[in-house]
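Subject: Structure handover

Hello,

Here is the structure you will be taking over. My notes on it follow below.

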Amino acid sequence: MAAACVRRLLEADAAYQDSVSTSYDEVVVEVIARVGDVGSVGKLDIAALTTWKRLRADTRWAAELMSWPDAEVRRHTAQAVTFANDASLSVPDAAGQARGALSPLPGFGTGDALASTVCFVAAPDRLAVYDRRAHAAVSELGFDLNNRPGRYRRFMTIVENCRAVLLEAGHDWSARRVDTALFQLGG
């Protein structure tokens, strides 16, 4: 199973690299830099991430989020940044705690696509982005990932398992590289 998983991830990674412009991540790189400087994610950053993630913003949650003061949004996201970067926590635990800190925000109570993106920009060297395509890919690779609460933590456990299998095969990948391969594989 491990060899098949590695082969499939390597193939998906190559396909992703071939199909995505090197300019695509410019927005997320800028948001990551700002979060690193400020220590929180504001409404402007969330709007940029929504576009980068290609999510719909003409929804009730987006209108509700925009009605919140940016200082309140930043209070919750600052907690997420702190948890995401807490070296005393395992990667999955840091992901789960960071995700939980975002739950009170409009649009972050359920679903993990945007929330995981905010967690990722909080700790880009540690965390990954979850979406329906990555979910499909982990299922295709034989991992069990259900939709119960705590899904992002469990997803990061799977990402860390993939990283370990890849490392055993001589491939030292970041969590982000695993998630982009999963994104490609799940498409």
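The side chains of Arg60 and Glu64 form a salt bridge, with 3.6 Å from N to O. This is a predicted model, so please read every value here as computed from it. Arg60 and Glu64 both belong to helix 4 and are 4 residues apart, which means about one helical turn separates them. Arg60 is exposed, at a relative accessible area of 68%, while Glu64 is partly exposed, at 36%.

Asp70 and Arg74 make another salt bridge, at 2.8 Å from N to O. Their spacing is again 4 residues, here in helix 5 (residues 70-84), so about one helical turn lies between Asp70 and Arg74. Both are partly exposed: Asp70 has a relative accessibility of 27%, and Arg74 has a relative accessible area of 23%. Asp70 and Arg74 also belong to a network with Glu30, Arg34 and Asp45, joined by salt bridges that share partners.

In total, the structure has 16 salt bridges. One of them pairs Asp131 with Lys53, at 2.7 Å from N to O. This pair connects distant parts of the chain, 78 residues apart: Asp131 sits in the loop between helix 7 and helix 8 (132-140), and Lys53 in the loop between helix 3 (43-52) and helix 4 (60-67). Asp131 and Lys53 are both buried.

The contact between them involves 11 residues from domain 1 and 17 residues from domain 2.

The interface of domain 1 and domain 2 has 4 salt bridges across it. It also has 4 residue pairs in polar contact. On the side of domain 1 that touches domain 2, helix 9 (151-168) and helix 10 (175-185) each contribute at least two residues. Helix 9 gives the largest share of that side, with 6 residues. Elsewhere in the list of salt bridges is the pair of Arg176 and Asp25, whose side chains meet at 3.7 Å from N to O.

Which residues of helix 7 are buried? They are Leu114, Ala115, Ser116, Thr117, Val118, Cys119, Phe120, Val121 and Ala122. Helix 7 spans residues 113-122, and because 9 of its 10 residues are buried, the helix is largely enclosed by the rest of the structure. Cys119 has a relative accessibility of 1%.

Last, the cysteines. How many disulfides does a search of the whole structure find? The search finds 0. Cys5 is in no disulfide, and the nearest cysteine sulfur, in Cys162, lies 4.4 Å away. Cys5 is buried, with a relative accessible area of 6%. For Cys119, the closest cysteine sulfur is also in Cys162, but it is 19 Å away and therefore too far for a bond.

Regards

How values were computed:
Residues are numbered from 1 along each chain as its sequence is written. This is a predicted model: local features need pLDDT of at least 70, side-chain atom pairs count only at pLDDT 80 or more; totals for chains, interfaces and linings use all residues. Side-chain values use heavy atoms; hydrogens and water are left out. A disulfide is a pair of cysteine sulfur atoms within 2.5 Å. Buried means under 20% relative accessible area, exposed over 50%, partly exposed in between (1.4 Å probe, protein chains only). Contact means heavy atoms within 4.5 Å. A polar contact is a pair of N or O atoms within 3.5 Å; within protein, one must be able to donate a hydrogen and the other to accept it, and residues adjacent in sequence count only if both atoms are side-chain atoms.
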